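Biologist: I am new to this structure. Could you take me through it one question at a time?

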Amino acid sequence: MTATTLLFRDNAYARSCTATVLDVTPEGGVILDRTVFYAQGGGQPGDVGVIRRRNGDSVAVTNTVYGSDRSQVVHLVGTEAAPRFSQGENVDMELDWERRFKRMRVHTALHVLSVVLPYPVTGGAVGDGDGRLDFDIPDAGLDKAELTERLNALIARDAPVTERWITDEELDANPGLVKTMSVKPPRGSGRVRLVEIEGIDLQPCGGTHVRRTGEIGQALVTDIEKKGKQNRRVRLSLVD
């Protein structure tokens with residue numbers, strides 16, 4: 001089985017690419033040999049956009065997910081559109097970039113929020129311009145205005161955001177790198193991707209991020225909810 005090359009891992013700013021159809025699925029998915037579309041996971045939704053066939057046919061991708069063994073990426077186009085594609089066919093694909101870039105900004109902002117609130121993370125979600133993290137916090141007393149001020153002070157540093165890889169063994173030797181209690185870092189290939197915000201944060205993550213924190217822009221802590229005795233859900237939003 002040919003694996004899908006994940007172009008978004010090396011360049012989250014790539015908006016389009018050419019690819020070859022490997023297969024179609026009964027559920028209305030198209031599997032390609034390479035993709036710039038992020039596949040749903042780690043609290044970040046799958047990308048949407050279009051696949052264009054060489055005959056001029058343009059097909060909407062409504063979500064992107066991993067296949068059963070996670071080696072291939074499935075672009076969901078619907079059970080009516082998928083049979084139009086044939087194995088070996090070359091296609092062009094293009095992201096809904098505006099939506100993706102908002103998700104990149106939010107995802108990076110959530111990493112910064114995990115520094116403002118240095119508690120174990122029990123859950124999280126990235127939205128289109130907003131997001132949330134759930135924290136294991138024994139005591140409440142959180143102030144939205146104060147958290148917003150501290151969050152934006154870190155964002156304003158315009159710190160570089162980079163990634164590098166370590167081995168599974170290196171991660172096992174440094175368990176403190178993992179902040180999330182419910183979402184485990186993507187493993188299985190023998191190595192784990194670390195995302196570093198220079199001077200601010202370092203943690204395993206398979207998601208897409210901006211190149212510098214300044215690209216996040218202003219963020220606002222919009223709500224703090226109590227979700228159980230020791231669980232607090234903190235929501236943030238991009239100001240624009």
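Biologist: How many of the 20 residues of H2 are buried?

Modeller: Helices (H or I, at least four residues) and strands (E, at least two) are DSSP runs, numbered from the N terminus. Buried means under 20% relative accessible area, exposed over 50% and partly exposed in between, with a 1.4 Å probe and protein chains only. By that cut-off H2 is mostly covered, and the number of buried residues is 15.

Biologist: What should I know about the model and its numbering?

Modeller: The model is predicted: local features need pLDDT of at least 70 and side-chain atom pairs count only at pLDDT 80 or more, while totals for chains, interfaces and linings use all residues. Side-chain values use heavy atoms, with hydrogens and water left out, and residues are numbered along each chain, as its sequence is written, from 1.

Biologist: Is histidine 111 buried or exposed?

Modeller: Histidine 111 lies in helix H2. Contact means heavy atoms within 4.5 Å, and beyond its neighbours within four places in sequence histidine 111 has contacts that include Val195, Ile197 and Cys205. Because its relative accessibility is 5%, histidine 111 counts as buried.

Biologist: Which side chain is joined to that of histidine 111 by a polar contact of 3.4 Å?

Modeller: A polar contact is a pair of N or O atoms within 3.5 Å; within protein, one must be able to donate a hydrogen and the other to accept it, and residues adjacent in sequence count only if both atoms are side-chain atoms. The contact of 3.4 Å is with glutamine 203.

Biologist: Which residue is the bridge partner of glutamate 225 in S16?

Modeller: Two strands pair if DSSP finds at least two bridges between them. Strand S16 (residues 231-238) pairs in the antiparallel sense with strand S15 (residues 219-226) over 7 bridges. S16 also pairs with strand S11 (residues 130-136), again antiparallel and over 7 bridges. In S16, the partner of glutamate 225 is arginine 233.

Biologist: Which strands stand at the edges of the open sheet of 7 strands?

Modeller: The sheet has antiparallel pairing and the order S6-S5-S9-S2-S3-S8-S7. Each edge strand has a single partner strand, so one side of each is left without a neighbour in the sheet; these strands are S6 (58-61) and S7.

Biologist: What is the phi of arginine 70?

Modeller: Arginine 70 is in the loop between strand S7 (63-66) and strand S8 (73-76). With a relative accessible area of 51%, arginine 70 is exposed. Although arginine 70 is not a glycine, its phi is positive, at about 65°.
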